[in-house]
Each structure stands twice: as structure tokens, then as C-alpha cells.
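Student: I would like to learn how to read a structure step by step. Could you take me through its features slowly, giving the general idea before each case?

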Amino acid sequence: MKKEISKYIANNLFDLVPYNIAIIDREHNIIEANKNFREYFGKEEKKKCYEVYKNHGKKCLHCQIDRVFDFGETVVSNESGIDKNGRTCHYIVHLAPIRNDKNEINYVIEMSVDITDTTKFQEQYNLLFEKVPSYLTIIDKDFRIVRANKKFRDTFGDSKGKKCYEVYKKRKRKCRYCPASQTFKDGEEHISAEVGKSFLGTETHYIVNTTPLSTTREGVQLVMEIATDISELHQLEEQLRKAHDFYASLIENAEDGIIAINENNKVEVMNRSAKNILEWESFKKPVISQLKEMLPAEFFDDNDIDSNTKLNETIIRTINGKQIPVKFNTLHLSSKKKSIGKVAFIQDLRSIIELEKQKLEAERLGAVGQTVAGLAHTIKNLLMGLEGGMYIVDIGLRKGDASRIVEGWEILQKNFYKTTNLVKGFLSFAKGKLPALTLTNPNKIIEDIIELYKETAKSQNVNLIADLQDNIKPALLDPEGMEACLTNLLSNAIDAAVLREDKKGQVILRTRDDGDNIIFEVTDNGSGMEAEVLKNVFTTFFTTKGSKGTGLGLLTTNKIIIEHGGKIEVESDVGIGSTFKITLSRKKLELLAKEIIK
Amino acid sequence: MNKKILIVDDEPDVVSYLNAFLNDNGFDTISAKNGKECFAIAKSEKPDLITLDITMPEESGVRAFRNLKECKETKNIPVIIITGVTTDFQEFLGSRKNIEPPAAYFEKPIDRNDFLKKVLEIFKL
């Protein structure tokens with residue numbers, strides 16, 4: 001060795017090395033200390049080592065220096081002490097014996113390195129490792145868990161030494177795709193989404209990130225797996241998906257057809273009912289131009305975000321051009337007061353219209369059914385009359401009494417005609433017939449009837465009065481049907497008025513037009529009807545006129561009015577008279593006329 | 001003296017028929033065409049028997065029967081119901097326990113031999 005180097009070592013090195021060095025004798029006195037030592041622990045002269053290092057008055061319990069004196073070996077230990085400022089410090093201590101020529105140990109050299117900061121970092125690292133709200137594991141090349149943090153242990157149980165896949169997934173073999181093995185292979189970070197099972201058996205969703213932790217010449221030795229639990233996120237997603245499915249299936253399976261377009265006129269929703277109504281079979285949704293062919297223009301024209309269209313009865317066209325009556329409602333969809341689209345609700349009215357028809361038919365059939373009892377009564381009376389006629393003719397023939405033969409024959413004839421009329425009337429009642437609607441002046445119908453009944457009324461001392469509204473507009477009516485109705489009401493009214501004992505019978509025929517409806521009224525000042533009679537007056541095969549009536553008059557009248565889409569009402573007071581009122585809606589008559597043309 | 005029978009029916013042909021048939025069998029007849037007339041005539045003429053229709057205008061046979069049975073002067077006159085409608089009257093009788101049933105009940109058109117037999121039986125002839 002060169003002299004200058006030896007000299008340098010002897011004179012300067014002691015103070016230059018970046019360690020705290022002290023020479024200690026068997027009595028633990030610090031004999032010598034270097035500059036670093038003094039700077040770190042303060043003055044050391046004539047002090048015991050434990051006084052300086054630990055600020056103790058007594059030797060340490062497990063004195064490492066004694067070990068060196070006793071066994072002559074080098075000792076390394078981790079120590080904590082107090083520095084010159086009174087702070088706790090951590091240091092690694094190297095103790096080595098200093099032997100003299102006789103191989104005796106009189107001194108020990110103590111070299112310490114401060115690791116206070118390192119320790120602090122380590123503590124922080126440990127804290128971070130333990131407390132980070134992710135699953136942290138360190139695994140070796142055999143996928144054994146070397147270390148795992150608290151969250152991991154809490155979720156998957158204590159698993160040190162077990163294979164990661166056993167713990168994370170409760171599997172017996174390595175996963176097919178393993179980000180850790182990728183990292184072991186290429187030393188890069190890898191990420192994947194995984195589903196594991198906690199030790200309680202619940203499904204745990206996490207995203208795992210693998211990072212190389214310790215690399216040697218042989219490659220990556222340890223990998224840190226950082227797994228972030230996304231189970232809650234996953235649950236939220238699941239809930240969101242369920243909510244979405246819930247509403248989607250509500251819309252899809254709604255009875256009404258639902259079609260929604262977004263603000264760019266793209267069809268977003270078209271449910272099953274809508275497809276059925278529009279006969280739309282393609283899996284693709286229609287484009288706006290196709291939709292415009294099918295749905296009412298109101299849906300597309302209406303751009304006022306606050307207005308919603310309600311069409312109670314309109315026509316849509318199927319993709320095949322078929323016209324379908326529907327109820328059509330639209331709604332603007334908005335978000336933060338801005339339009340985000342429109343939705344149309346379509347209710348197919350075909351079945352409802354059909355049901356209404358069926359209901360009308362059922363009512364008619366019901367009325368027919370009710371009338372059968374009444375019909376039986378009438379027929380029984382007719383049979384009795386016929387039998388009576390035959391009996392009287394029979395006796396006349398046997399006794400050679402011509403007057404009896406004539407009397408009986410007249411009875412037979414009368415009952416024969418009555419039977420004929422009854423059958424005719426009943427057939428016409430039972431037969432469903434659409435009214436032949438033509439533009440007719442309502443006043444003209446009344447005038448014609450009065451002309452027809454003028455003489456009859458006069459001969460029975462009944463005063464016939466026409467009270468007709470001027471300038472009444474022509475309406476779509478079946479003149480023959482209406483004439484039949486009003487004739488029947490008039491003849492009933494005359495019959496009732498005739499019964500007055502004061503011979504001051506009077507019948508008023510009235511027409512009115514209230515703008516929406518045409519109204520016919522027939523009022524008599526006859527005997528009136530009792531509540532019991534009124535109740536069934538339009539629906540039952542009913543006669544109070546005995547021999548004169550077939551019981552079909554009001555029944556047929558009611559039926560004709562129903563076929564006109566109108567209604568007939570009666571008000572009656574016993575002893576004062578009755579008023580029959582027919583109300584026909586112009587709107588309904590127009591609809592009916594269109595329907596009939598179809 | 002011949003027995004006097006009141007025929008009540010709104011149907012003149014029925015009245016003619018019963019009239020001829022009963023006269024031919026040796027009974028005197030009078031007639032009424034509704035319930036009101038029936039009750040009035042029954043009281044004034046005191047017939048030995050009444051044939052009563054049910055479905056009639058003004059006042060039905062049901063009310064007429066009740067009036068006849070509730071009136072001292074007429075309650076002992078036997079009544080034969082002759083009608084086309086059966087339910088109304090039977091319902092009425094069913095609801096009035098204290099009213100005695102009619103002497104006989106015939107549905108139109110009647111079997112005139114059965115009818116005659118019943119009349120003779122009532123008169124114990």
C-alpha cells in the first residue's frame with residue numbers, strides 16, 4: 001500500500017466514514033468516537049456507552065457488547081436510542097472485537113448507521129399496505145401468498161402460504177388467464193377484472209393489477225397484486241340493469257302500442273303491441289319516413305314541448321296500408337326543459353268497436369229474449385180468439401144460425417190478420433237492419449205523418465198540433481225508419497188522448513235542433529203511465545192496449561233509434577200525460593253514415 | 001134462475017167466445033174490459049162467478065183480484081183466472097199469504113171442457 005494512502009487511512013478515515021463509530025472498553029466506557037458520532041449523539045468523553053446511546057444509567061439488559069467480549073464474534077443488531085436532541089432514533093449497529101497481539105479483546109468497535117427515516121418509511125409502507133382499501137397480496141413464483149393486507153384477510157381469511165387462486169377463487173388450479181403469471185413472465189403491469197369468493201361464500205367482484213415487486217437476474221421473484229373491490233359498483237350496475245329491464249319489459253309488454261323517437265327523429269322504442277298494430281315484422285325499427293306513412297301527421301307536426309296531442313279516434317295505416325281505428329295520444333319527452341324526443345301511445349280500437357257492437361247486439365238479443373214471454377201472451381190471446389171464432393162458427397153451422405157463423409168468421413178473420421201483423425212486426429224487429437241514412441228534413445217527416453193521421457185524430461176528437469223549429473238543417477236520417485218510429489209514438493199518443501173523458505185529447509209533435517242534436521218529441525195529455533209500466537216500456541214485449549196492440553211498437557221504435565245511434569226517453573205522469581223524446585246526435589249520424597258506406 | 005157469470009177480459013174476442021160458450025151451456029153472462037170495471041160491476045151485479053184476465057190496461061187483474069178479495073161484498077164470489085201470463089199472478093199470490101187462492105186457474109187458450117167441468121164443480125151442479 002502506498003504510504004500516502006496508509007497515512008490517509010490512519011489520520012482521516014476515522015472521521016470521514018459516514019457512520020457513527022465508537023471504541024468501547026470492557027467497562028463500557030467510550031474511549032474514542034469519530035466526528036459523526038459526536039455530531040449525532042453529542043459529547044461522549046468519559047461516558048458509558050449506554051449513557052450516550054440510550055440515555056440510561058444502567059447497562060442494557062441484553063448487552064450486545066458483552067457478547068462480543070465474551071464470544072469474540074461480530075454482532076449486528078437493530079437498536080433504538082436517543083440522539084443528542086433527545087429524539088428517538090433507530091440505527092443498525094455493527095459490533096466487532098478489536099484483538100491485540102495476544103488475541104485478547106480489550107476493546108470493541110461499534111459502528112452504527114441511522115435508519116430512523118428508513119424505519120419511518122417502512123412503517124408508512126406497512127400502514128399503507130395494511131390499510132389501503134384494496135386487496136393487497138404479495139405472491140411468489142409458485143403463486144403462494146407471502147403477505148396479505150388486512151382487507152384481504154378480512155374478506156378472504158388468513159391465507160398466508162396458500163396459493164392465490166385457492167384463496168381468491170376457491171379453485172384447485174391456476175386460473176386460465178392469470179395477470180400475475182404475465183407479470184412474472186414479462187415484468188410488466190397487468191390488469192384484469194375478476195370474480196372471487198369471500199370466505200363467507202359471497203361473490204366478490206374486483207379489478208386486479210399486478211406489479212413486479214422484486215426482480216433478480218433470474219427474473220421477477222415477487223409480484224404484488226392490488227385488487228380493487230367493485231362488488232358494490234357491480235351491485236349498483238346490477239340494480240340499474242334490473243331497473244332498466246323492469247321498465248323495458250313494462251314498455252315491451254304494454255297493452256298499448258308505444259313508439260318513441262329521439263330529438264333526431266330516430267325511432268328508439270317500438271314495443272310488441274306497436275309492432276302488432278302496425279304489422280311491422282322486421283327486426284329493425286322503422287325510419288322516420290316509414291313512420292310518417294303510418295302515424296297521424298299530428299305526431300310529427302307538434303313541436304310545442306308543452307302540448308300533448310290526444311286523438312280519441314283516428315286512423316293509422318299499417319306498413320301494409322291497412323287502416324286501423326285507434327286512440328292516439330302523444331307526449332313530449334323532456335330533460336331539463338329541453339326536448340329529448342316524443343312518444344306515441346296507440347290503443348287499438350278494433351276490439352273495443354267490436355265489443356260495442358257485441359254489446360249492442362247482446363242488448364238487442366236480451367230485449368228479444370224478454371219479449372218472448374210477452375209474445376207468448378199475445379199469441380195465447382190470438383189462439384184464444386181463433387178458438388173462440390171456430391167455436392162460434394161451429395155452433396152456428398150445427399144450429400144453422402147464420403148470424404153466429406158471420407160473428408165467428410169475423411173473429412177468425414180479425415185474429416188471422418192480427419197474427420199476420422204480429423209475425424211481420426216481429427220479423428222486422430228481430431232482423432238487424434242498418435238505417436238507410438239520407439239527408440232529410442226532420443220537419444218534413446212530421447208534416448207527412450200529420451197529413452196521414454189528421455183524419456183519424458179528428459174522428460176521435462184528438463187535436464193534433466205541430467210545433468216545428470224553423471230553419472232546422474237537414475240531417476242524415478233513415479226517413480222510413482223515423483217515420484215508423486214517430487207514427488208509432490203518434491198512434492200511441494192518440495190512443496192515450498182518446499181515453500180522456502172530457503174529449504179534449506191533444507197531441508203535440510215537436511222538432512228541435514240544439515246544434516249538436518236533432519230532437520223529436522211527442523206529447524199527449526192522456527192518462528199517463530205508472531212507474532211499473534214505464535220501467536220496461538222500451539225493452540219488453542208490452543202492451544196495455546189489449547186487443548189493439550201487438551206489444552212490438554215501442555220495442556221496434558227503440559231499436560230503430562238505437563240503430564241511429566240515438567236515444568229515446570219518456571216522461572209520464574199519471575193523469576197528466578206522457579212525452580216521448582228522441583235525441584239523435586248529428587256527429588254520430590255522420591260517423592254511422594261513413595261506417596255504412598264502408 | 002140461471003147462474004150469472006162476469007167475464008173480465010180486455011180482448012173482445014175472448015169475451016165473445018166465453019160469452020157464447022157459457023150461454024150455450026145455460027149460464028147468463030155479463031162482461032167487463034178492465035179491473036176497475038170488474039170491481040164496480042161485481043159490487044153492483046153480484047155475479048155468482050167471475051172469470052178474470054190478468055194483463056189488462058188501466059187496472060190489471062192482479063189488483064182487481066186483491067180488491068175483490070179485500071171487499072166484504074165481493075170476497076165470497078169465486079174467481080177463475082184465465083190468462084196468458086202466468087208469472088205475475090203467481091208471484092203476487094206468493095207474496096200475499098193472507099189472500100186466498102183463486103177457485104181455479106186456466107191458461108189461454110183454455111180447454112173448454114175442463115173449464116166447463118170446473119164451473120159446474122164450483123156451482124155444485
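Predicted model: local features only at pLDDT ≥ 70, side-chain atom pairs only at ≥ 80, totals over all residues.

Student: Which residues is A:N149 in contact with, leaving aside its neighbours within four places in sequence?

Tutor: With those neighbours left aside, the contacts of A:N149 are A:F129, A:E130, A:V132 and A:L136.

Student: What does chain A contain as a whole?

Tutor: Chain A has 19 helices and 22 strands, and of its 598 residues 27% are buried. Among the contacts in chain A with a separation of 6 or more, 51% are between residues 24 or more positions apart.

Student: How should I read a sheet, and in what order do the five strands of the open sheet in chain A stand?

Tutor: In chain A the order is β2-β1-β5-β4-β3, and the pairing is antiparallel. The edges are taken by β2 (30–33) and β3 (75–82) of chain A, each of which has a single partner strand, so one side of each is left without a neighbour in the sheet. From one strand to the next, the twist averages 30°. Helix α4 (residues 64–71) of chain A packs on this sheet, where it touches β1, β3, β4 (88–99) and β5 (105–114) of chain A, and its direction makes about 15° with that of β4(A). Looking at one pair of strands, three bridges join β1 (residues 20–25) of chain A to β2(A), and the two run antiparallel; within this pair, A:A22 stands opposite A:A33.

Student: Where is A:H28, and what is its phi?

Tutor: The general idea is that most residues other than glycine have a negative phi, and most peptide bonds are trans. A:H28 has a positive phi of about 70° although it is not a glycine, and it is found in the loop between β1 and β2 of chain A. With 19 other C-beta atoms within 10 Å, A:H28 is partly exposed. A:E279 also has a positive phi, of about 55°, without being a glycine, and its place is the loop between α10 (272–278) and α11 (288–294) of chain A. As for peptide bonds, a cis one joins B:K108 and B:P109, with omega about -10°.

Student: In what order do the five strands of the open sheet in chain B stand?

Tutor: Their order is β2-β1-β3-β4-β5, and here the pairing is parallel. Strands β2 (28–32) and β5 (104–107) of chain B stand at the edges with a single partner each, so one side of each has no neighbour in the sheet. Four bridges join β1 (residues 4–8) of chain B to β3 (residues 49–52) of chain B, and B:I5 stands opposite B:L49 in β3(B).

Student: How is the packing of two helices described?

Tutor: Two packed helices are described by the angle between their axes and the distance between the axes. Helix α2 (residues 35–45) and helix α3 (residues 61–70) of chain B pack at an angle of about 20°, with axes 8 Å apart. Angles under 35 degrees count as roughly parallel, and α2(B) and α3(B) are therefore roughly parallel to each other. The contact is made by residues including B:F39 and B:A42 of α2(B) and B:A64 and B:L68 of α3(B), and by class it holds five nonpolar, three polar and one charged.

Student: How many residues of chain B are in contact with chain A?

Tutor: There are 17 residues of chain B in contact with 20 residues of chain A. On the side of chain B, they divide into nine nonpolar, three polar and five charged residues.

Technical notes. Residues numbered from 1 in each chain as written. Chains lettered and ligands numbered in written order. Axes fitted to C-alpha atoms, helices over the stretch in contact; angles between N-to-C directions. Parallel < 35°, antiparallel > 145°, perpendicular 65-115°, else oblique. Contact = placed C-beta atoms within 7 Å. Nonpolar A, V, L, I, M, F, W, Y, C, P; charged D, E, K, R; others polar. Pairing = 2+ DSSP bridges. Buried ≥ 20, exposed ≤ 12 C-beta atoms within 10 Å, placed from the backbone.
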